[in-house]
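The sequence and structure are shown below.

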Amino acid sequence: MRVDRDRGASSARCACLLVLFSTLSTRFTEVGGTHQSIPPSVVKLWASAFGGEMKSISAKYSGSQLLQKKYKEFERAVRVEEIDGLRLVTRLAEDMEEMFHKKAQAMKRLVEAAEEAHLQHEEDPDLQYEYFNAVLINEVDEEGNSVELGGEFILQPNDHFNNLSVNLSLSVVQVPTNMYNKDSAIVNGVYWSEALNKVFVDNFEKDPSLIWQYFGSAKGFFRQYPGIKWKPDEHGVIAFDCRNRKWYIQAATSPKDVVILVDVSGSMKGLRLTIARQTVSSILDTLGDDDFFNIIAYNEELHYVEPCLNGTLVQADITNKDHFREHLDKLFAQGIGMLDIALTEAFNLLSDFNETGRGSECSQAIMLVTDGAVDTYDAIFAKYNWPERKVRIFPYLIGRESAFADNLKWMACANKGYFTQISTLADVQENVMEYLHVLSRPKVIDREHDTVWTEAYIDSTLDDGQGPVLMTTVAMPVFSTKNETRKSGILLGVVGTDVPVSELLKTIPKFKLGIHGYAFAITNNGYILTHPDLRPLYGDGKKRRKPNYSSVDLSEVEWEDKDDTLRNAMVNRKTGTFSMEVKKSVDKGKRVLVLHNDYYYTDIKGTPFSLGVALSRGHGKFFFKGNVTVEEGLHDLEHPDVALADEWTYCNTDEHPEHRYLSQIEAIKLYLSGHEPTLQCDKELIQEVLFDAVVTAPIEAYWTSLVLNKSENSDKGVEIAYLGTRTGLSRINLFVVPDELTNQDFLTAEDKEGVFNADHFPLWYKRAAEQVPGTFVYSLPFNTGSENKSVVLASTAIQLLDERKSPIAAAVGIQMKLEFFHRKFWTASRQCAALDGKCSISCDDENISCYLIDNNGFILVAEDYTLTGKFFGEPEGAVMSKLLQMGSFRRVTLYDYQALCWVFSESSDSGHTLLDPYLAFFSAVRWMLTELVIFLVEFNLYSWWHSDLTAKAQRVGRTMQVPCDTEYPAFVSERTIKENTGNVDCDGCIKSFVIQQIPSSNLFMVVVDNKCDCSMFEPITMDPIEIMYNESLKCERLKMQKDRRRPDTCHPFHPEENSMECGGAASHSPCLAATLLCVLLALFPR
C-alpha cells in the first residue's frame, strides 16, 4: 500500500508539474510569438511581387529600355569630355562682362547728353512748360478735357515689358506727391532733360535687351523711358522719391562712416522727439551696404541705442538698420543735453573705427539731431577735426525755435557740412536729402563718373507671371559742367537702367553644368545677386518680398562652408577652385540630396560682382557630344510633342524685335537656314539638341503603339509618359484625354519643380540621376494633396555608358493614378507561399499595419488613406526611432538662414506708423490742422489728437513674420541595408516590425505589429525648429563683420570745394500756403 501511495503521490506531482510547464510554455509562446508574428519571408515575397509588377509597368509605359538601347546604338558616335570648370567660369564671366559693359555704355551716352543739355540751358524762374506727368497722362476733367500736365499719351502693350502698356517714343515724368508739379526748379529741369528722349530711343535701338532707362533729378523728379502711366495708392499717394533709392545714393556719394547723435534731453519731449525719430529713420534710409553707422542718444549721459554695439560701427545693411529702428521707439526725453560729451564720443568713435580698417575708409560724418546748442564747441572741433576737417557735421535743428540756429549753422560751415531746420514731419525727407548733395561735391568737382551696380532687388512693375522680377541697376551720376558752378559741385542727378537677373542666367549654358550644377554671383559685400537657393519671396498666392531678401549672404546658402573659404575668395575677386560635401534640400525642403561639389570662381571685370560655378562630382563632371545631320535633327525636332526648355537660351530672340515672336524651335530652324545672320544662337547646344531629337524620336512611335492597343492600360491607371534630355528637350505622351488627367499641372509652368528651369533640372530628373542605374524612383508630388489630384511619378535615368562616371543622357518616367498604385500594392500583399493557400499573416489583419514608404521616409501607401504623403515617423514614431537606431535610415540636419518665424509683437504700431514717410506725412496733416486752431499748445493738442492711437497700440498686439534661422531634419535610407527586422519595447509589450526594400526601386515595405500601445514614444516630425541665440550670442552676431571688398573709388573731400554753402534755417521750412497745398494734394486723389 505504501508503494502504491508513493506512486500516486508521484503521479500527482508530475501532473502538477505538467500543468505548470504547460502554462509557462503557453505564456512563453505568447510573448515569444510576438517576435516571430511577422515572417520576413512573407514580407519579402510581397515586396518582390509588387516590385516586379511596378518595374514591368514603369519600364513598359516609359519606354526606358528602348531609349537605353537607342543611346547605346550611338555610343561609338559620341565623344565624352570632362568639363573644365575654370575655363567654363572664365568664359561665362567674360560673356557677362560684355553684357554689363553694353548697359554701362548706354548710361554713359545718357550722362553726356544730360550734361550737354544742362550746359546749354539758361535757368528761367518764369518758365512755363507742359510736360507729360506720369500720373496725369490720359486723365480728363468732368467736361472731358485733358487735365493740366496730362494730355493724350499713346500707350500700347509690349511683350518685352511683360505686356505693360508703354510708349516707346517718349518718356514720362513723375514728381513726388509732396512736391509741387509746377515748381520753377522742377519745370526747368524737366525742360532741359527732354533732350534725353532721343538718347533713350537710340539706346533701345542699339540694345533691344534694355528695359527701363531713367534719370533721377536732384530736384526730385524722375524721368522714365519708355513712358508708362503711374497709379497712386488708395490714399492718392505715390511714395516714390528717386533720391532715396540705393542706385541714386550709391552713384551720388562715396562710402561713408556715420555717427548719428540724437538729443534726448527734456526739451525734446512730445512732437520734437517724434520728428527726431523720423529724421534718424530717414537718415538710415540713405545708408547702403557700403556704409557703416551707429546711433548715440545723449542727455547728461551717453546712451548707445544698441548697448551691445558700444564703441563700434556696423554695416548699414537692411537687418542692422531695421534692428536700430526698433530701438528708436524706446527713446524717451529727460534731463539736460550735454552735446560736448556726445561730440567727443563721436569723434573718438570715428577715429578708432577707422584705424581698425573695417569701415568704409572714405567719407566720415556726424549727424546731429537736436533742438538746440548753447555753444559752438569750437574747442572740440579744433582738437579733433581741424585743420583737415575730415569729419563733416550735419546738424538738424528740430522745432520752430531759431534761437540756436546760428550756433548749429556755424558748426556745419566750420566742418564742411550742411545745416537744416525741421519744423514738421512733412519737412523731414526733403531736409535729410540735402546732406547727400554735400557729400557728392568732391565727386562732382573731380568729374568722376563712377559706374555703380546695386545688389539684387525686386521690381514689382515687371511681373513675369511667376511673381516680381529680381533686378540689379547700373547707374552713373550727372554733373553740372558750367564753369560758374564748378566749385559748388552741383549734382544734377543720376541716370540708370535695370538689368533683370534672368538676363544673366540666359548667358549660362545649363547643359554644360550638369543635372545638379548651377552658376551663382555675389556682390563685393558677399550678398547674393543670383543663386538657385535664394528665396526672396514668401507666402501663398500673391507672394510678398522678405524684409532682408537683398542682403542674403553666400554663407547662408552654402552653409556647409563653415570657414567662409569660398565666400571670402570670391569677395576678394580671386580666381580659383574649392570642394566640399553639400546637403541640398529639394522638393520644398522635404528631401535631401547629399552631393560632393567642386566650385570654380572668378570676378566679373568692370563690376563689383564675382561669379561661381558648382559642378557635382561623378556624372556632373562629364558631358558628351553627338553628331547628326541638320536634316535628320530638324525632321525629328519639329514633332508636335517635342518641347524645349522655356528658360534656356538656344537662340537669343530678345536681341532684335523681329525675333521676339519666334519660339526657340522656330529660331533654331531659322538659324540653321543661314538666312538670318543677325540671329545669335548657341551652336554647340543646337548640335546636341538635334542629336537628342534623333535618338529619342523612336519612342514616339513606341508610345503611340501602346495608345492604339486598347487592351493595354484598360483601367487608365497610367496617364502620362514623359522624357527629358540633358539639352532641355522634352517629349510627352498622354495615355488618357487631357480632361481626364488626375494632375493637370504636371509638366506645365505651374509645376515649377517639375520642368526645366533657368537654374535647375526637373526634380524627377535630379532624383532619377541619383538612383541606382536601371531602377525607378517613385514619388508622390507634394503639391498634390486632395484625393482627386493624387498621382505617383516613376522615373529612371538613362546612362550613356556602363561606367560610374558616365554622363546621364536623359530621364524618362510615367505618371500614374495613386489609386491604381495602391491597388497593385494591396494585391501583391495578399500573396502567400503556403501550399494550402492559408497565409500566416495578411495586411488585412487587424493586428498588422502595412506601409509603403520611400527612401526619404514618406508614406505612399497606408491603410489609413489620410496618411498618404506624410512622414512615416508621425504615425509610427517608435518604429522610426528604431530604424534610425538600427541604421536603416539616417537623419540629416539642414539649416535655413532665410526662414521666417511667427512672433507675437506687443510693440506700439504708432511708432512704426510715424516711421513710414507717407503715413508720417498724414500724421503731419493732423498736426498742421491743429496749429491752425491754436498755435500755443503745440504739444498738448498734438498729444490729445494722437492719444487714441497710442492707447490702441498699447492694448493691441499682433502676430507677424520676422526673419529667423531654423534647423530641420531630413531622412535618407541606407542603400546597403535591403531588409531588417526589429522589436520595440513599449512599456513591457514588444512591438515587432519588418522592413523590406522593394526591388528595382527607392521604396520599402514596412509591416508593423500594432497590438502594442507605443504612445509613450513621441512622433518624429520634420518641423523646423528656430535656432535661439542668447543675448551674448546675439551681440556677437551683431558685431560680427564678414570679409567685404570696398568699392574701388572714394571721393571724401576736395580742396576746391566751397564749404560756405552750408545751409540756412529759413530756406527749407515750407510756408503755410505751400504746406496746405501739399496737404490738399495728398488728401484728394488727382
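Lys506 and Asp654 form a salt bridge in which the closest N and O atoms are 2.4 Å apart; a salt bridge is a side-chain nitrogen of Lys or Arg within 4 Å of a carboxyl oxygen of Asp or Glu. Lys506 lies in helix H14 (residues 501–506) and Asp654 in the loop between strand E26 (642–644) and helix H18 (664–673), so the pair ties together parts that are 148 residues apart in sequence. Helices (H or I, at least four residues) and strands (E, at least two) are DSSP runs, numbered from the N terminus. Lys506 is partly exposed at 36% relative accessibility, and Asp654 is partly exposed with a relative accessible area of 22%. Here buried means under 20% relative accessible area, exposed over 50%, and partly exposed in between (1.4 Å probe, protein chains only). Elsewhere, salt bridges with shared partners join Arg79, Glu81, Lys512, Lys625 and Glu684 into one network.

A search of the whole structure finds 53 salt bridges. In one of them, the side chains of Lys824 and Glu53 meet at 3.0 Å, N to O. Because Lys824 lies in helix H22 (residues 818–828) and Glu53 in helix H2 (residues 40–62), this pair ties together parts that are 771 residues apart in sequence. Lys824 counts as buried at 18% relative accessibility, whereas Glu53 counts as partly exposed at 31%. Asp371 and Arg272 also meet through their side chains in a salt bridge (3.2 Å, N to O). Asp371 belongs to the loop between strand E11 (363–370) and helix H11 (378–384) and Arg272 to helix H8 (residues 271–285), so parts 99 residues apart in sequence are tied together by the pair. Asp371 is buried, with a relative accessible area of 9%, and Arg272 is buried at 15%. Side chains of opposite charge can pair when their charged atoms come close.

## Basis of the model

The model is predicted: local features need pLDDT of at least 70, side-chain atom pairs count only at pLDDT 80 or more, and totals for chains, interfaces and linings use all residues. Residues are numbered from 1 along each chain as its sequence is written, and side-chain values use heavy atoms, with hydrogens and water left out.

## Overall composition

The secondary structure of the chain comes to 28 helices and 39 strands. Of its 1086 residues, 55% count as buried. Among contacts (heavy atoms within 4.5 Å) between residues at least 6 apart in sequence, 74% join residues at least 24 apart.

The accessible surface of the chain comes to about 46,700 Å², of which 52% belongs to carbon and sulfur atoms. Accessible areas come from the Shrake-Rupley method with a 1.4 Å probe; for residues, only the protein chains shown count as cover.

## Surface patches

Patches are made of residues with over 30% relative accessible area and no salt bridge; like charges are joined within 9 Å, and nonpolar side chains (Val, Leu, Ile, Met, Phe, Trp, Tyr) within 5 Å. A patch of negative charge on the surface gathers Glu122, Glu123, Asp124, Asp126 and Glu484. Asp and Glu count as negative and Lys and Arg as positive, while His and the chain ends are not counted; the place of a charge is taken as NZ of Lys, CZ of Arg, CG of Asp or CD of Glu. Asp126 is found in the loop between helix H4 (85–120) and strand E2 (156–158), and is exposed, with a relative accessible area of 61%.

A nonpolar surface patch consists of Ile336, Met338 and Ile341, with about 250 Å² of accessible area together. Met338 lies in the loop between H9 and H10 and counts as partly exposed at 32% relative accessibility.

## Two loop positions

Gly335 is found in the loop between helix H9 (318–328) and helix H10 (339–356), and is partly exposed, with a relative accessible area of 38%. Not counting residues up to four places away in sequence, Gly335 touches Ser265, Gly266 and Glu300.

Asn855 occupies the loop between strand E32 (848–854) and strand E33 (859–862) and counts as buried at 18% relative accessibility. Leaving aside neighbours within four places in sequence, Asn855 is in contact with Arg767, Phe889, Phe971, Val972, Ser973, Asn1002 and Phe1004. Asn855 and Val972 are 117 residues apart in sequence and 5.8 Å apart in space, C-alpha to C-alpha.
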